[in-house]
Amino acid sequence: MSSKRDAAARKAESTVQPAEIVREYGPYEGSERVNGVTHDGQHVWAATGSRLIAIDPQSGELARTLKCSGDAGTAFDGKYLYQIAEARIDRIDPASGKILHSIPAPGHGADSGMAWAEGSLWVGQYRERKIHQIDPETGAILRTIESNSFVTGVTWVDGELWHATWEGDESDIRHIDPTDGSVLERLQMPTGIGISGLECDGDSLFYCGGGTSGKIRAVRRPGKQK
């Protein structure tokens, strides 16, 4: 399996392209870092430590603020927000900010990005270089996908699994095969610009958390025009 993955990774090097950053948002007052990012079909949500903020992607203005702990990935299932807070994942009512349910996070506090797809949560493990599919009711791990790089943000779009990486001054967004983790294509961020959270708007843009910069960056999805 590893030799197959290595061969696929070498092949993917020919599909590396520079990430096209089309817009930057923030930093916002009181939000010095971005730990997780999601999109609810209307707003971009960002976990900033002690609160979740919702941003209007057209104007760039803050639309909502919820007082919720957020140390890593954020996700949206079409109705509820999910937020990693230390060693747990909270299900949150976006209207009130109330925590409705909590489950253990698979990394027990060493978790990174998170996405919703196929009725499950998909949670990244940074240093373990893994993505776990977990049951949103119990936290049970249903399957595990191994990557060949550190995993920060995670997103699914049109049946494609993408995750962000960040190591030192280098960061990229990579499309991987969910069956074996092999890299299919990569979008290379400029040196010094990292990605701490990742979500696609379901169409043409990836939204990327910028860690301690406090910024969110919109990156063009390959083959898509705005």
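Modeller: The chain has one helix and 21 strands. Its radius of gyration is 16 Å, close to the 17 Å that the globule rule gives for 226 residues, so the chain is as compact as a globular protein of that length. Please keep in mind that this is a predicted model.

Colleague: What does the C-alpha trace span along its principal axes?

Modeller: The C-alpha trace spans about 50 × 40 × 30 Å along those axes.

Colleague: What share of the residues counts as buried?

Modeller: Of the 226 residues, 53% count as buried. The accessible surface of the chain comes to about 9800 Å², and 45% of that surface belongs to carbon and sulfur atoms.

Colleague: And how many positive and negative side chains are there?

Modeller: There are 25 positive and 32 negative side chains. The centres of these two sets lie 0 Å apart.

Colleague: Let us turn to the contacts. Among those between residues at least 6 apart in sequence, what percentage joins residues at least 24 apart?

Modeller: The figure is 44% of those contacts.

Colleague: I would like to see some individual residues now. Where does D90 lie, and is it buried or exposed?

Modeller: D90 lies in strand β9, which covers residues 88–92. Its relative accessibility is 1%, and since buried means under 20%, D90 counts as buried.

Colleague: Which side chain does the side chain of D90 make a polar contact with?

Modeller: The partner is the side chain of S102, at 2.6 Å.

Colleague: How far is D90 from V219?

Modeller: Their C-alpha atoms are separated by 28 Å, and the two residues are 129 residues apart along the chain.

Colleague: Next, S112. Where is it, and what does its side chain lie close to in terms of backbone oxygen?

Modeller: S112 lies in strand β11, residues 111–117. A polar atom of the S112 side chain lies 2.9 Å from the backbone oxygen of V151. At 9% relative accessibility, S112 counts as buried.

Colleague: Which residues is S112 in contact with, leaving aside its neighbours within four places in sequence?

Modeller: S112 is in contact with A72, G73, I84, G124, Q125, Y126, V151 and T152.

Colleague: What about T165?

Modeller: T165 is placed in strand β16, and T165 is buried, with a relative accessible area of 4%. Its side chain makes a polar contact with the side chain of D172, at 2.8 Å. Not counting residues up to four places away in sequence, T165 touches several residues, including F150, T152 and I195.

Colleague: You mentioned F150. Where is its place?

Modeller: F150 is in the loop between β14 (141–146) and β15. With 9% relative accessibility, F150 counts as buried. Residues touched by F150 include Y126, R129, T165 and W166, not counting residues up to four places away in sequence. Y28 is 122 residues from F150 in sequence, and 27 Å separates the two from C-alpha to C-alpha.

Colleague: R129 is on that list. What is its phi?

Modeller: R129 has a positive phi of about 55°, although it is not a glycine. Most residues other than glycine have a negative phi. R129 is found in the loop between β12 (120–125) and β13 (130–134), and R129 is partly exposed, with a relative accessible area of 31%.

Colleague: And what is the phi of D158?

Modeller: Phi of D158 is near 50°, again a positive value in a residue other than glycine. D158 sits in the loop between β15 (154–157) and β16 (160–167). Its relative accessibility is 57%, so D158 counts as exposed.

Colleague: One last topic, the peptide bonds. Is the bond from G26 to P27 cis or trans?

Modeller: The bond from G26 to P27 is cis, with omega near 0°. Most peptide bonds are trans. P27 itself is in the loop between β2 (21–25) and β3 (36–39).

Definitions and conventions
Residues are numbered from 1 along each chain as its sequence is written. This is a predicted model: local features need pLDDT of at least 70, side-chain atom pairs count only at pLDDT 80 or more; totals for chains, interfaces and linings use all residues. Side-chain values use heavy atoms; hydrogens and water are left out. Helices (H or I, at least four residues) and strands (E, at least two) are DSSP runs, numbered from the N terminus. Buried means under 20% relative accessible area, exposed over 50%, partly exposed in between (1.4 Å probe, protein chains only). The radius of gyration is taken over C-alpha atoms; the globule rule is 2.2 Å times the number of residues to the power 0.38. Contact means heavy atoms within 4.5 Å. Accessible areas come from the Shrake-Rupley method with a 1.4 Å probe; for residues, only the protein chains shown count as cover. Lys and Arg count as positive and Asp and Glu as negative; His and the chain ends are not counted. The place of a charge is taken as NZ of Lys, CZ of Arg, CG of Asp or CD of Glu. A polar contact is a pair of N or O atoms within 3.5 Å; within protein, one must be able to donate a hydrogen and the other to accept it, and residues adjacent in sequence count only if both atoms are side-chain atoms.
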